[in-house]
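Let's explore a protein model together, one question at a time. Have a look at it first.

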Amino acid sequence: MISIRRTNAPLGAEIQGIDLTGELDDAILAAIVDAWHEHEVIFFRGQTLSPEQHVCLSRRLGELELHVRSEFAKPGHPEIFVVSNMLENGKPIGASDAGATWHSDSCCRREPSSGSLLYARQVPRRDGKMLGDTLFSSMTAAYEALPDEMKMRLRGLRCVNSIDNGYTRVRRNVLDENQRSRVPGHGADVEHPVVRVHPHTGRKCIYVNESYTTHIVGLSADDSRALLDILTAHVTQPQFVYRHNWQVGDLLMWDNCSTQHKAMFDYAPLHRLMERTTLQGILPLSDVEHEPAMAGQV
Ligand code: OGA
Ligand code: MN
């Protein structure tokens, strides 16, 4: 029996009663996808997934992206991106800086990821408390909470997301020329709607983030900065956030259109080991392009 337990936040639900190692039948898979779209973040506790099972489950949900930082792919599993602060033979086995600031995965691609599946293999623990939480913020709840004048002001606006902004401002040149050239959209700047319409739910989602969005198209530098500062501060307010306290064996899926996330770095020198697969998405739809079907709504 599947049961779905919502968190107290506007997003997030735990799905109980499913063993993800088993062959999932189509009805169960459809129920999982529906719960994911509705709750934006869903998680399954106590799973014992092999890398093959993690990839296999992810493939049932769509095509997978290969992360541009291929040095952090799990050996033998190019679809798995390792997030960890651990070393092996003196070398990092994963990205130790993933999620340092608020973002949505692969938002610098022309067709950004629809969702990511993160599996917890090792979770740091101090004094009986698990550390290294991840924060998720609902971009649908954040949009809904905007004053009507702001919703009108944002209609049809476009923003630029830049991989350089994320990786140089926050992480300082971690991509080499070869890696940059492999980011679809050429690792250059990519233009997206400021407000996206979710392809499955039709809900409007704010799609600017503090890590990668450099400016809003057509505004002066000052106006653009001011509006971005308002929006990035707005979308990460605690009332829109679910904070996930990890346990070993958690498999958590988030929607990269309707949520943003950020990692807590409160555990060094303890070790953390997470593995991620990333689902390919489609070209974002803007609030204006979507209007015929959404007539009458702000
Ligand atoms: C990611 C990411 C955050 C975390 O894997 O995309 O941002 O808490 N991770 O590990
Ligand atoms: Mn991320």
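Q: Which residue of S20 stands opposite Gly-115?
A: In this predicted model, strand S8 (residues 115-122) and strand S20 (residues 273-279) run antiparallel, joined by seven bridges. Strands here are DSSP runs of E with at least two residues, numbered from the N terminus, and two of them pair if DSSP finds at least two bridges between them. Facing Gly-115 across this pairing is Leu-279.

Q: How many residues of S8 are buried?
A: Buried means under 20% relative accessible area, with exposed over 50% and partly exposed in between (1.4 Å probe, protein chains only). S8 has eight residues and is mostly covered, the buried ones numbering six.

Q: Which residues are the protein donors of the manganese ion (ligand 2)?
A: Donors are N, O and S atoms within 2.8 Å of the metal (3.2 Å for Na, K and Ca); water is not among the atoms, so sites may look incomplete. The protein donors lie 2.1 to 2.2 Å from the ion, and they belong to His-103, Asp-105 and His-261.

Q: How many disulfides are counted?
A: A disulfide is a pair of cysteine sulfur atoms within 2.5 Å. The sulfur of Cys-205 is too far for a bond because its closest cysteine sulfur, in Cys-257, is 3.8 Å away. Cys-159 has its closest cysteine sulfur in Cys-107, at 8.4 Å, also too far. The count is zero.

A note on conventions: residues are numbered from 1 along each chain as its sequence is written, while chains are lettered from A and ligands numbered from 1 in the order written. Local features need pLDDT of at least 70, side-chain atom pairs 80 or more, while totals for chains, interfaces and linings use all residues, and side-chain values use heavy atoms, leaving out hydrogens and water.

Terms used. Helix = DSSP H or I, 4+ residues; strand = E, 2+ residues; numbered from the N terminus.
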